[in-house]
Amino acid sequence: MAYAVCHSLIQTIDRILNLDPQKYPISDEGKKRIKDLLAQIEFVKEFLRKYPKEEVMEHFKISDVSNAANQAEDLMEHFIYEHYRWNLKAEKMAAVGRPRNRTEILYDFRELDVVMDEISPIAEKMAKLQQQLGVHPVTTASSDPVSKPDLDTETVGLEEYLKDIKDSMCGQPSSQRQIIPITGMGGIGKTTLARTVYNDEDIINEFPVRAWIVVSHNYKVENIFGELLYALEQQIPDTLVDKSETVENKLHRILTLKKYLIVVDDLWSAKAWDDIRKAFGDPKKCDGSRIVITTRDETVAKDVTTSPPHKMELMSRENSWILLKKKAFRDRELEPAIEKIAWEVVDGCQGLPLAIVLIGGILLEEKMEAWGDIARDVKFAVESTTEFGKRIALSYTYLPVDLRPCFLYMGGFPEDHEIRISKLIKLWIAEGFVGNENEAKEHLYKLVRRNLPLITSLKPNADFKSCNIHDMVRDMAKSQSLDENYERRQSIGHTDLTRLARAYASTLRSCLTFQPNESSLGGLRKFKLLRVLDVVDTDAYSLPAPVFELFHLRYLAFGCPMEVPYAISRLQNLRALIVRPSKRLRHHSSDNVDLPLEIWMLPLLNHLVSFFDLLPDPKGAASALEKLITLNVVKKLICTEQMMGLLYNLKKLAITYFGDKYPNEDYQLHNLHLLTRLEKLTLVVKEGSLLKVKSKPVFPKTLKKLTLSGWRFPWEYMKGIAALPELQVLKLRDHAFEGGAWSTIKEESNDDDDDDDNDNDEEEEEEEEGKLFVELEYLLLQESDLEVWKTKKDHFPALKRLVLNRCGKLKKISQDMGNILELKLIEVDRTNESLLECARGIRDKQEEDYGRVLIVRQV
């Protein structure tokens with residue numbers, strides 16, 4: 001963590017030295033002290049990057065470096081904050097004719113001398129040590145871009161467990177509901193086994209409704225019920241439940257009427273089961289429904305059900321070798337000496353899959369010359385403890401210093417919390433761990449390669465969507481945070497900010513809450529150095545005024561409905577403003593969050609995310625939000641040339657229109673093409689169509705993801721979308737297009753003219769016709785009246801996944817779709833038997849003719 005603190009301090013000093021000297025005056029002596037500190041810290045940071053922690057521990061304490069750098073950064077940022085507060089007061093005093101003398105706040109930087117007295121001896125020792133060690137850094141970071149790692153979906157040693165569980169779940173459509181427990185020690189693979197069952201194709205096709213919930217230690221029944229209902233409502237018709245019912249009644253109704261599979265992961269007590277089981281409907285229902293439970297405690301399994309548990313044992317030596325090989329070197333041939341070392345690693349892990357996976361991640365990233373050292377460390381960890389904690393901790397010991405703060409930050413999230421990758425990246429940037437989104441993704445990919453975060457869901461184009469970390473890995477991260485005094489900078493999930501303020505008010509940089517607690521917001525006035533504030537799930541309806549004096553704030557997220565005051569313009573360092581429905585409103589809310597005109601006065605704003613906002617008219621007084629790359633979701637955006645000019649750097653845009661409220665408005669969607677960097681676009685129409693006006697969009701050629709909902713465009717409009725050269729994901733929801741027939745095949749001409757010129761024209765037309773959807777990987781048609789779809793494989797050459805949901809009139813698709821070489825999966829609404837039969841016929845023909853595996857899944 002020392003490296004991260006030094007990196008952050010360097011960024012802070014750079015900001016201070018570049019501040020407006022009129023607003024933030026610094027004496028010449030103060031500047032000299034700051035620059036001396038900068039030189040020392042830059043040397044220390046570079047030393048820490050070059051040499052591993054173990055190599056220098058006996059010469060000085062790394063924690064001393066962290067503490068001194070933290071203290072220096074606190075001083076620097078307090079300096080900025082106090083000047084900012086003075087400037088605010090000076091403006092108010094000047095407005096009433098009482099100007100203040102700036103010498104009143106001339107800052108005394110002699111306090112930095114104390115810090116320098118601590119850092120200088122450390123830097124001197126490092127300089128001497130560097131001369132002794134020579135310039136031979138153990139690891140140097142590559143400057144080449146890091147590609148996204150492939151996720152390994154194969155399983156090792158789970159085959160028998162999987163077969164037994166599937167036998168008890170499938171083929172018994174009229175059996176009474178059963179509870180299937182999976183037990184075993186931490187790190188043994190219970191969740192991996194449950195996830196393998198949950199995602200198995202036979203299981204998916206067997207159960208119309210599936211959901212996954214995590215209970216863990218600190219569960220709250222209302223949160224579990226809310227998450228369960230949210231998952232189920234995505235899979236049922238809107239008419240199945242009454243919106244006025246309670247959450248518990250809705251759950252009971254859905255799970256009484258539908259055959260379901262629910263995984264209850266990480267159940268720690270019989271009491272927790274007693275608290276949540278009332279939501280699962282009639283336990284005696286006889287439709288083949290199943291509940292899978294994972295728990296470390298066998299007594300919990302016995303209390304929950306009389307069914308014998310599937311008890312997972314440590315892996316055999318042979319399976320341990322297979323797993324290590326997959327994670328560390330796969331098909332690489334090993335020299336006998338290296339192979340011997342790899343077997344020593346296997347034996348040191350003692351059959352615990354989590355230890356094998358994590359150490360395999362270390363071996364994958366380290367040169368083979370270092371494997372002997374790693375094996376010795378594993379052996380030492382075995383000899384020093386019978387538990388697996390020290391072996392797991394090796395994954396941190398061998399973690400590059402620039403990745404450590406990113407990993408420790410993840411360890412701060414609540415137990416079993418599913419972390420959205422997009423949010424995590426914004427937080428890392430706000431904290432200063434990384435400079436931009438590309439760098440953040442590279443750091444994430446490196447951590448995934450080391451198997452520290454587990455990817456839990458993917459986007460349609462296979463990008464990572466969410467992740468979590470294993471409980472034992474999280475415990476290790478929290479332990480490292482305490483060792484490195486990192487908790488002084490971060491608080492995630494703390495329910496009482498007032499109590500937290502007593503310990504860390506002057507040092508805390510990041511504060512994220514996950515529990516409803518209105519009273520806790522009162523303590524925010526004391527956190528002067530906050531960079532990150534996330535209070536989405538509090539019960540408060542307004543933020544206290546001191547929040548808008550947090551000069552250093554870069555990431556602000558709060559719940560809706562909540563007022564966004566004009567004072568938002570004071571947060572000149574804000575990068576991300578996020579207004580989301582809080583948990584109390586997640587399922588039904590029509591509340592608006594109106595953004596003030598001052599939203600246009602945030603020069604560094606990158607992300608503006610709000611599900612109920614209306615972007616104010618700039619009225620000619622606004623400057624361009626030139627840093628803004630995300631605007632999601634905005635109502636009734638009129639895409640004038642002026643507005644597009646103010647938002648010209650957007651990469652992600654989502655707009656919702658209301659056709660019943662503004663049926664005659666011209667939204668000037670033809671100007672969308674002016675957004676020449678736009679990659680992701682969502683256009684939704686609620687309650688009616690906008691076709692009464694000239695609303696045809698003209699899309700920028702840079703689009704990679706396009707979602708349309710409710711527009712009722714004629715299928716002829718699809719030609720412009722088909723020609724987009726970079727489009728990878730296309731989602732058409734809620735009658736986005738209207739009409740019974742869609743054809744991508746150009747109709748043959750009746751002209752009998754056979755002259756050469758006409759022949760050439762026809763060849764050009766045929767060539768042009770084939771250049772459709774050239775990069776499209778994912779296509780969704782949901783809620784459509786389409787009856788006939790004529791197409792051929794050449795028009796979707798890159799398609800990997802086709803989803804046809806609630807397309808009741810569409811009874812078949814072209815057999816030629818099966819010949820798309822990239823196509824791996826067709827998903828069809830289980831109620832459309834004819835379309836399912838057609839898709840299965842395509843699958844069977846592909847297997848019979850070419851031996852190709854094409855999956856057909858019911859949704």
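Predicted model: local features only at pLDDT ≥ 70, side-chain atom pairs only at ≥ 80, totals over all residues.
Modeller: Two strands pair if DSSP finds at least two bridges between them. Helices (H or I, at least four residues) and strands (E, at least two) are DSSP runs, numbered from the N terminus. Residues are numbered from 1 along each chain as its sequence is written, and side-chain values use heavy atoms, leaving out hydrogens and water.

Colleague: Happy to start there! In what order do the strands of the open sheet of 5 strands run?

Modeller: Strand 3 (residues 260–265) and strand 4 (residues 290–295) run parallel, joined by 4 bridges, with I262 opposite I291. Strand 4 is also joined to strand 1 (residues 178–183), again in parallel, by 6 bridges. The open sheet has parallel pairing and the order 2-3-4-1-5.

Colleague: And which are the edge strands?

Modeller: An edge strand here pairs on one side only. Strand 2 (residues 209–214) has a parallel pairing with strand 3 over 6 bridges, where I213 has V264 as its bridge partner. The edge strands are strand 2 and strand 5 (310–311).

Colleague: Which helix packs on that sheet, touching strand 1, strand 2, strand 3 and strand 4?

Modeller: Its direction makes about 165° with that of strand 2. The helix spans residues 190–198 and is helix 7.

Colleague: How many of the residues of strand 3 are buried?

Modeller: Buried means under 20% relative accessible area, exposed over 50%, and partly exposed in between (1.4 Å probe, protein chains only). In a regular strand the side chains alternate between the two faces of the sheet. Here Y260, I262 and V264 point one way and L261, V263 and D265 the other, and all are buried. The count for strand 3 is 6 of 6.

Colleague: Why does S320 count as buried?

Modeller: S320 lies in helix 13 (residues 317–328). Leaving aside neighbours within four places in sequence, S320 is in contact (heavy atoms within 4.5 Å) with M315, V346, G351 and I356. It counts as buried because its relative accessibility is 1%.

Colleague: By class, what residues does the contact of helix 19 with helix 20 have?

Modeller: Helix 19 brings I421, I425, W428 and I429, while helix 20 brings E437, A440, K441, H443, L444 and L447. Ala, Val, Leu, Ile, Met, Phe, Trp, Tyr, Cys and Pro count as nonpolar, Asp, Glu, Lys and Arg as charged, and the others, Gly among them, as polar. The contact has 7 nonpolar, 1 polar and 2 charged residues.

Colleague: One last thing: which residue takes a positive phi in the hairpin of strand 7 and strand 8?

Modeller: Strand 7 (residues 454–458) and strand 8 pair in the antiparallel sense over 4 bridges, with L454 opposite N468. The hairpin has 5 residues between the strands, and the one with a phi near 75° is A462.

How values were computed
Axes fitted to C-alpha atoms, helices over the stretch in contact; angles between N-to-C directions.
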